[in-house]
Amino acid sequence: MGVIVKSGLKHHLSTWGVRLLDQLLPPRCLSCGAGVQDSGRICPDCWKELDFLQGPMCRCCGHPFGFDMADSLCASCQKSLPPFDRARAALRYDDGSRRMIISFKHGDRADYSDFFVQLLVQASQNLASSSAFVVPVPLHKKRLRQRRYNQAALIARKFAAGKGFDYVADMLIRHRYTPPQEGNYGQRQRNVAGAFAFSEKYREKIQDHRIIVIDDVYTTGATASACARILKKAGAGSVEILTLARVCSVT
Ligand SMILES: [Zn+2]
Ligand SMILES: [Zn+2]
């Protein structure tokens, strides 16, 4: 009941009011809402449900392997190499991570972004530390109005600041509204085709540079590929994709 009242009330408050309210209310698990010691954390039960992707994986798309295959590509990348250079995710997208990410996405939980930034740092640990432009996957204006903030932009900005990278909010533009993503890779690819554009003012700046694109979930790779294709075409030297979680088929 408390949680329902809290989120209902939040819709009528300014960002400042929401922050104040969060400070006044007892800290809650950002996944299940149970009481926790510190704000911005998840409870031990929800933590146990998270599956961190730290084992062997496809060197390109980051799909986990069930056994060690040093420097190998998964079947999908062998068949057709994606336009991005690498994709890495902190967590397997399953019931445990889904609940937490949805709560962050739709539940006015912007105050919990630090935890998600830590997940991005975790996902990036084996990537090079050379300078990079950090770019969020943009939301369409209509979706942004519904959600009030772009969670990818929120964590991308903090991730860039922590790493000493340059954050560029508007390098990618979403100029077409696409319905919530459903379906297989082919359907999703058609969904996102033409939805993104490159912001021309950055063309000179990004020539041969490294770009890190941030999103919340890597599902089929259609969004990641669409963004990478645009950035490479505009002259980027390399494109890496960092997400909180990734959908994994059987490993
Ligand atoms: Zn919990
Ligand atoms: Zn792969």
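Q: Which are the buried residues of H5?
A: In this predicted model, the buried residues of helix H5 are Gly 96, Ser 97, Met 100, Ile 101 and Phe 104. Buried denotes 20 or more other C-beta atoms within 10 Å of the residue's own, exposed 12 or fewer, with C-beta atoms placed from the backbone.

Q: Where do they fall, seen down the axis of H5?
A: They fall within an arc of 110°, so they line one face of the helix; the arc is that of the directions from the helix axis to the C-beta atoms.

Q: And which exposed residues are on the face turned away?
A: That face of H5 carries Asp 95 and His 106.

Q: What do the buried residues of H5 pack against?
A: Their partners are helices H3 (44-48), H6 and H8 (151-163), together with strands S1, S6 and S7. Helices (H or I, at least four residues) and strands (E, at least two) are DSSP runs, numbered from the N terminus.

Q: Turning to the sheet, what is the strand order?
A: Five strands form an open, parallel sheet in the order S1-S7-S6-S2-S3. Strands pair if DSSP finds at least two bridges between them.

Q: Which strands stand at the edges?
A: S1 (86-92) and S3 (166-167) do, each with a single partner strand, so one side of each is left without a neighbour in the sheet.

Q: How many bridges join S1 to S7?
A: Six bridges join S1 to S7 (residues 238-246), and Arg 92 stands opposite Arg 246 in S7.

Q: How is the numbering done?
A: Residues are numbered from 1 along each chain as its sequence is written. Chains are lettered from A and ligands numbered from 1, in the order in which they are written.

Methods
This is a predicted model: local features need pLDDT of at least 70, side-chain atom pairs count only at pLDDT 80 or more; totals for chains, interfaces and linings use all residues. Two residues are in contact if their C-beta atoms, placed from the backbone, lie within 7 Å.
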